[in-house]
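Please read this briefing alongside the sequence and the coordinates. It is grouped by topic.

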Amino acid sequence: MLTIGIAGGTGSGKTTVVRKIIESLPAGEVVVMPQDSYYKDNAHIPLEERLKMNYDEPASIEWSLLTHHIKELRAGRCVEMPTYDFLSCSRQNETVRVCPKEVIVVEGILVLTDKELRDMLDVKVFVDADADERLIRVIRRDCVERGRTPQMVIDRYQETLKPMHELYIEPSKRYADLIIPQGGANNVAIKLLTDYIRSLLPADAR
């Protein structure tokens, strides 16, 4: 079983890289564990305050639960992965049952910032992209999927995303085994990554 961490700034193309990894491997061989599913449960805090919280720093993630779930999967046991609602900024009651596969992909902006998690990763990847490209993608995503206005996204970018990226995410690049520039558009780097992953799998799982 391989555990792969894929980090990078918000809007860098991590989801595209993950999708291409899944498409390159036999069906059913990959399980994805989004870091976003493990935001701490802040349902006890009033919504107005939750909306103002910083969700781009390592302290916002329940790392202990994420690493525990990875250990359980690697031990051959299924887990109940939490789900998170970005509109209410709170963890939902529903969970997703996740069972062991040949490849575990842990994806999220802060994946390489936590040492315990880093030490569990067989392959560490950082997806890189220019800041202006990331901002455009964030505006598109947040306006469509999270009900925010362009001005709300720009304000959040200036107040939180950019400083947190410079403080936590960009420095975590030094832990990566592979850096993929140009984000999800870099098909050459993604092919090198998927070929490497395939080479590490048992022959019957390639």
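The model is predicted. Its disulfide count comes to 1, and its cavities of 30 Å³ or more also number 1.

**Disulfide**

- C78 and C99 are joined in a disulfide, with 2.1 Å between their sulfur atoms.
- C78 sits in the loop between α3 (63-74) and β3 (79-85), while C99 sits in the loop between β4 (90-98) and β5 (103-107), so the bond ties together parts that are 21 residues apart in sequence.
- The disulfide is right-handed, because the torsion about the S-S bond of C78 and C99 is about 110 degrees.
- C78 is partly exposed, at a relative accessible area of 30%.
- C99 is likewise partly exposed, with 29% relative accessibility.
- Another cysteine, C89, is buried, because its relative accessibility is 5% and the buried class covers values under 20%.
- As background, a disulfide is a covalent bond between the sulfur atoms of two cysteines.

**Helix α3**

- α3 consists of 12 residues.
- From first C-alpha to last, α3 spans 16 Å, close to the 16 Å expected at 1.5 Å a residue.
- The buried residues in α3 are W63, L65, L66, T67, H69, I70, E72 and L73.
- These buried residues pack against the strands β1 (2-8), β2 (30-34), β3, β4 and β5, and also against α4 (115-120).
- After α3 comes G76, which has a positive phi near 90 degrees.

**Cavity**

- The largest cavity holds about 50 Å³ of space.
- Its lining is made up of T10, D56, R134, Y157, L161, H165 and I169.
- Helix α6 (residues 150-169) gives the largest share of this lining, with 4 residues.
- Sorted by class, the lining has 3 nonpolar, 2 polar and 2 charged residues.
- On the method behind such searches, rolling a probe the size of a water molecule over the atoms shows where empty space is left.

**V32 in strand β2**

- V32 belongs to strand β2.
- Its relative accessible area is 25%, so V32 is partly exposed.
- Leaving aside residues up to four places away in sequence, V32 touches V18, I22, M81 and V105.

**D85 in strand β3**

- D85 is part of strand β3.
- D85 counts as partly exposed, because its relative accessibility is 24%.
- With residues up to four places away in sequence not counted, D85 touches S90 and Q92.
- S37 is 48 residues from D85 along the chain, and their C-alpha atoms are separated by 8.9 Å.

**Q182 and its backbone**

- Q182 is located in the loop between β7 (178-180) and α7 (187-200).
- The phi of Q182 is positive, near 70 degrees, in a residue other than glycine.
- For context, most residues other than glycine have a negative phi.
- Is Q182 buried or exposed? With a relative accessible area of 54%, Q182 is exposed, because the exposed class covers values over 50%.

Technical notes
Residues numbered from 1 in each chain as written. Predicted model: local features only at pLDDT ≥ 70, side-chain atom pairs only at ≥ 80, totals over all residues. Heavy atoms only, no water. Disulfide = S-S within 2.5 Å. Helix = DSSP H or I, 4+ residues; strand = E, 2+ residues; numbered from the N terminus. Buried < 20%, exposed > 50% of the residue type's maximum accessible area, 1.4 Å probe, protein only. Expected span 1.5 Å × (residues − 1). Contact = heavy atoms within 4.5 Å. 1 Å grid on protein atoms, 1.4 Å probe; cavity = no way out; pocket = protein on both sides within 12 Å on 5 of 7 lines; lining within 4 Å. Points joined across faces, edges and corners; volume = space filled by probe spheres on them. Nonpolar A, V, L, I, M, F, W, Y, C, P; charged D, E, K, R; others polar.
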